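Me: Could you take a close look at how the strands pair up in this model? I'd like one connected walk through the pairing, please.

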Amino acid sequence: MGFSKRHERAGPSARLVVSVLLAGASASAMLAAAPAQAQTQTTTPTGAAAAAATADDRVSYAIAAQPLAEALTEYARQSGLSLLVPSARLQGLRAPALQGSFTRQGALDRLLSEAPFSGRINADGAIVLDQAVRLEGGADGDPSAPAEDEIIVTGTRLPGQGPSPVITLGRGEIAESGAANVSQLMATLPQNFGGGPNETTRTGDGANNLLAGSSINLRGLGADSTLVLINGRRISSTGTSNGLFVDVSAIPLSALDRVEVLTDGASAIYGSDAIGGVVNFILRDDFDGAETSARYGAAYDGAAAERGFSQVFGRAGAHARLFGVYDYSERDPLANAERDFAANSDLTRFGGSDFSLTAANPATVIDPVFAAAPRGQDGTALTAGDFILGEPNLHNNNEGQDLLGRQERQSLYLTGALKLGSVVELFGEARGADRSYRRNSGGATSFFMIVPSTHPGFVELAPGATSLVLQYNFIDDLGPVVSSGGNESVGLTGGLRADLGETWRTELTALYGRERGLFRIDNAVNSARLDEALGLIDDAPDFDPAIDGYFNPFGDGANTAASVLGFIRGWAETRYISEMEGFTVQADGEVFNLPAGPLRLAVGAEYRQETFGSRTIEFTSALSPTLRQSPDESRDVSAYFVEARVPLIAPEQNVFAAHRLELTLAGRREDTSNGGADTTPKLGLVWAPVEGLALRTAWGRSFKSPSLTETVAGSQAALVFPIADPASPSGVTTTLILQGTNPGLASETAETWTAGFSLRPPAWEGFGFELNWFRIDFADRIASPANPFTVLSEPLLYAPIIVRDPDDGLVQSYFDAPFFIPIGPTPPASEVGAIVDARLRNLSRSLVSGLDFDLSQRFAGFGGEFTASLSGSYLFTFEQAFSESGPTIDLVDTANNPIDLRLRATLGWRRENLSGAMAINHADDYRDSANNRSVDAWTSADFSFAYLFDTADVEARLNVRNLFNQDPPFLNNPIGVGYDPENADPVGRFVSFALTKTW
């Protein structure tokens, strides 16, 4: 028997076989089942002749660009192979021209490069087609047809596509995108919001991206609300104590076979996190031969240059396969100074505001007077008259900063399988990646530097003043603060698959994943040692400023001895580790036959354990390094699930206005030790009134368990503070403020709806149109107020976390708690007039709704074939409320939030060994609410051109992103750059060139 290609999904996945039948009896059976379908067939002797046919010797081919069925027939004839495939299965598909000398496998790969199949040659000299990318709808490309082949796609555990929409990016689209990494590739999807933990973001969750990783954020609901899979299986999260997410930068593009994006909730299938959608990275596994690639690219001005290399190898036989990829890439930094819109935090030249800092060099005095130290002097002979009263010094906050830091990554991926007899297969995968980065973050700042009267530079700016309070920037003294570190990723998977009779099969999978992260800062300021160098304290026995020298903040530039700067220079580093291990068992098959076909069922169970821990050594607040190690947090997750597909009407029943009708049902029960138990159902229906038109809808519930960093015990604080309160006669209320994590958190929950249709008329070759509506009602979201000291001033917004006139016993219990922090004398419990519970709580709610659409057409022209498409996403609403009772704000079309309309239009052309593609990306205009102005729409173009040198088996490819070098539209951004990092790219025109040699 030939070796069957397999694809994995979330949890254990079924064996996927699309076999070619050679015997006459099998051919007769196929003809009986589909008498109207013609057969594409060629034959050749087997045995020794077949063995010769599958050898690695090269064959000269001359095959014109034509429909795939005819091309495969001609290929089989010229190769001396056999082929038996229903012609209807290849309907509407075309093959590129093939001219030159190739190995048989290499030639087959090229003919199938644009098809949803991969191909191999078995030991009998027969061509076998395995489903690589599933077409929408049935296996023959008709969305209304039942799936004849046993194919599994993201969003279901059963063969065939479920009722939820799935977007697929194949290898051709990946190459033509010009992306150098997965993050750039996913940015081409209109459904993916650029905000969250990504390299260029600086606000919200992006501020917590200490490891400079890259996430996926479908619908803008948060990176932790998009489930990321590799080969259908969960992987370990990376991140810091401020948030965990899957770092997709560890996935090499050269290992990708395709990306499947499920734009629907899927907790009934996959469990926690699948709220905004699911992104499944399917890695290559059955390549036969070797492939070497080299790539170089740079922005139009030479900045952010990238270099990359990858080596692919593989062997695929009748009973075993082995595939491996090594991938290396590095990128130079992109400094703020290299982009005009980010070079200076004073944005008045663009019509914006000046966001420069008053923490400057020389210093700004804020007490006892407000004044600027004069420029152009060394700070050693100042008088009161030299200071400029009423004015600050301003510092360009972007000086010394990088928009993009340096990145270096190398990764290794290995996969293999061994067939034991005819029904059992062992498989295994191993992934490893090592990513490091280095980024300049501007100068360290001090907003409350105290200079005592004993300091030689002290000037009495007010009668009787004994100290000065300064704001200062250390960039001229210590250089920019340097952030560095990275992440090490390891993933191991192993298991077995077995056939259980004719229709049932099972899979047992064990997996392990580990992420080790490092975050380090250098050129920081050690505040304790700074106080020593200012003469404010005298705690360091080995340092005396009167002898060793004082730190001088009054001069322009660096005016302090290098030995003193070395004394105050601080650093800190934190190491993070996240691990996951578990197993999955699943079985699926046919239960019994209904009039419309077999009812299929999938059942299974999962278990995994997740852990997270961190350790910090800091040298920024004490005279010597301090170790702070948090205890490892862990949780156990167990689940069981079931999914059924019920055919109600089949095409062969000839029911009026019901070419096909199919019902799907799924349910999952998941118990999480730090989030309770969640039961999530999902229902779906597919109705095809006529051939070529399929209407579908799905409803389900999804959830996200609280992360380990949100429920960790011991990360809480309580303090008493008088805060502003309009409801108080005095305007102030003594308030007990609770902050930190919350071990009592429950899961976040969501209700999701999708509905849409697919149109692919059989008479309209190459045409396709899809439209899908979605609605996500996301409740019980974990949130806390941004500033607990202003909560009482907004009682309507924060009502759920305010307790007026609290019980004295409750207040006293917090006073007695180990996490209570006294600030001055603690008042009696009876004097506390309110409690503000600003700990993480299940409070917030989001409502997102909109439309996704995709229009495509293939047509002949200029001696080749064109492919045109237009895809987009339109948001109706993106509402958010802090609590169920609080006011609702619609964030769509506002700065740093999702935009209502995103489009991507592509036009590709292929002729023989030549191909090219152009893509237009459009982001609609939106509002800068804070400044009551509009942010312009942004349109950019990408270009790709490739040529295959047949004689050398070398492909040369030129890619240009942002072809016309369009700057991002101006946004008066308070972080001091003149654009929106969540919705635009600062790099500009980027040109790359790649060579790929097939061996």
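**Strand pairing up close**

Reply: Let's start with strand 10 (residues 226-230) and strand 15 (residues 277-283), which run parallel and are joined by five bridges. Thr-226 sits opposite Gly-277 of strand 15. A quick word on terms: strands are DSSP runs of E with at least two residues, numbered from the N terminus, and two of them pair if DSSP finds at least two bridges between them. This is a predicted model, where local features need pLDDT of at least 70, side-chain atom pairs count only at pLDDT 80 or more, and totals for chains, interfaces and linings use all residues. Residues are numbered from 1 along each chain as its sequence is written, and side-chain values use heavy atoms, with hydrogens and water left out.

Three residues link strands 34 and 35 in a hairpin.

Then there's strand 50 (residues 938-949), joined to the antiparallel strand 47 (residues 914-923) by 10 bridges, with Leu-914 opposite Tyr-947. Strand 50 also pairs antiparallel with strand 51 (residues 954-961) over seven bridges, and Phe-949 is bridged to Val-954. Strands 50 and 51 form a hairpin with four residues between them, and Asp-953 in the turn has a positive phi of about 55°.
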